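Here is a short report on one structure.

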Amino acid sequence: MMESTRAITEMILLEAQKSAEHIIQEAQKSAEDTLEKQRQRGVNKANEVAQSIFKKAENEAEVIKLSITADAKIKANWTMLSKKELWIAAVLNETKDKLRLLTQSKEYRPILEKLITEAGIILGGKELEVLLSEKDSALSLKLDKLAKEISEKTGFETKLRLSEEKPKVIGGAMVRTTNGKVIMDNTFDDILGRREKDLRSKIAKILFK
Amino acid sequence: MLAVLEAFKAIKEKHLEAKRIIDEATVQAEKIKKEAEQKAISAYEEAYNAVISQAEQEAIEVKRKTAEEAERELEKILSHAEEQAKEIEAKAEKNFEKAVDAVLNMVLQ
């Protein structure tokens with residue numbers, strides 16, 4: 001009797017201990033599962049946010065890159081245009097210097113006469129006044145001969161007289177009606193100014209081809 | 001008869017002891033679960049922060065790499081511009097007199 005009772009009680013305790021171990025093991029497993037699920041939730045949620053962080057960084061970086069390269073291209077183009085502009089200005093300055101030299105040469109007089117005649121024809125002849133620089137006024141121009149030429153071209157009797165007014169120009173002439181209402185400016189300065197846009201484009205084509 | 005009663009008594013005592021063991025285990029199991037629930041909040045935060053921190057580092061790296069690319073592109077553009085500027089200088093020097101003569105012709109024609 002004693003033996004069988006001991007066997008039963010030992011079995012009861014053994015079963016209880018097994019059950020207790022099982023209860024604790026299950027609790028530990030459940031705890032690990034809970035922690036793992038929460039970790040995974042954290043990772044999943046963070047991955048969503050990380051995507052937007054990454055995308056935002058990529059966009060910002062691209063904008064910065066575009067801005068840097070666009071600035072560089074603008075700067076490079078501006079440098080190029082400035083350099084070209086300097087050369088075009090140098091050509092125009094050199095031309096003015098050569099025109100100044102021309103006004104001191106013997107080839108100048110026929111050129112000046114041609115400019116006066118052309119202006120007189122454009123104005124339609126009749127009573128006209130010629131305005132020349134101080135230096136050109138000293139040249140002994142045959143204004144009567146030029147007036148005759150204008151008369152022939154326009155069909156109107158023309159008279160040319162030298163004005164007292166002395167414009168400060170490189171060379172060439174201004175011709176105006178005696179009442180001063182209409183003026184034809186054939187000075188080198190005005191021709192250069194009038195045709196500047198066209199000249200600049202032609203200079204650029206020749207210089208940089 | 002006495003022996004039977006003694007046996008019942010012993011079994012009953014062991015039943016009570018067994019119940020106590022299981023009760024203790026149940027209490028301990030509840031404690032483990034509660035601790036896990038408390039740890040779960042910080043586990044979530046730790047995992048979240050680790051991923052975000054990694055993403056932020058990668059974002060910095062992306063910006064750094066793009067800045068380097070932009071720097072290389074910038075140098076390429078400026079170097080190309082420098083070459084073009086040299087070409088402009090060379091052509092302009094070569095064609096300078098030709099351009100001046102052309103302008104003179106246009107003014108005097």
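## Overall fold

Along the sequence, chain A reads α-α-β-α-α-β-β-β-α-α. That comes to six helices and four strands. The model is predicted.

Chain A is more spread out than a compact globule, because its radius of gyration is 50 Å, well over the 17 Å that the globule rule gives for 209 residues. Along the principal axes, its C-alpha atoms fill a box of roughly 165 × 30 × 30 Å. Of the 209 residues, 23% count as buried. Take the contacts in chain A with a separation of 6 or more: residues 24 or more positions apart account for 72% of them.

## The sheet

The four strands of chain A form an open sheet. Their order is 2-1-3-4, and the pairing is mixed. Strand 2 (159-162) and strand 4 (183-187) are the edge strands, each pairing on one side only. On average, neighbouring strands are turned by 20° against each other, direction ignored.

Strand 1 pairs with strand 3 (residues 172-177) of chain A. The sense is antiparallel, with four bridges. Within this pairing, Glu129(A) stands opposite Arg176(A) of strand 3. In general, strands of a sheet pair through backbone hydrogen bonds, either parallel or antiparallel.

## Helices against the sheet

Helix 2 of chain A packs on the sheet. It touches strand 1, strand 2, strand 3 and strand 4. Its direction makes about 25° with that of strand 3.

Helix 4 (residues 143-154) of chain A lies across strand 1 and strand 2. Helix 4 runs at about 145° to strand 2.

## A loop residue with positive phi

Where does Lys126(A) sit? Its place is in the loop between helix 2 (108-123) and strand 1 (127-131) of chain A. Lys126(A) has a positive phi of about 70°, although it is not a glycine.

Why does Lys126(A) count as partly exposed? Lys126(A) has 16 C-beta neighbours inside 10 Å. A residue needs 20 or more to be buried and 12 or fewer to be exposed, so a count in between is partly exposed.

## Contact with chain B

How many residues of chain B are in contact with chain A? There are 60, and they meet 66 residues of chain A. By class, the side of chain B that touches chain A has 39 nonpolar residues. It also has 15 charged and six polar residues.

Terms used: Residues numbered from 1 in each chain as written. Chains lettered and ligands numbered in written order. Predicted model: local features only at pLDDT ≥ 70, side-chain atom pairs only at ≥ 80, totals over all residues. Helix = DSSP H or I, 4+ residues; strand = E, 2+ residues; numbered from the N terminus. Rg over C-alpha atoms; globule rule 2.2 N^0.38 Å. Contact = placed C-beta atoms within 7 Å. Nonpolar A, V, L, I, M, F, W, Y, C, P; charged D, E, K, R; others polar. Pairing = 2+ DSSP bridges. Axes fitted to C-alpha atoms, helices over the stretch in contact; angles between N-to-C directions.
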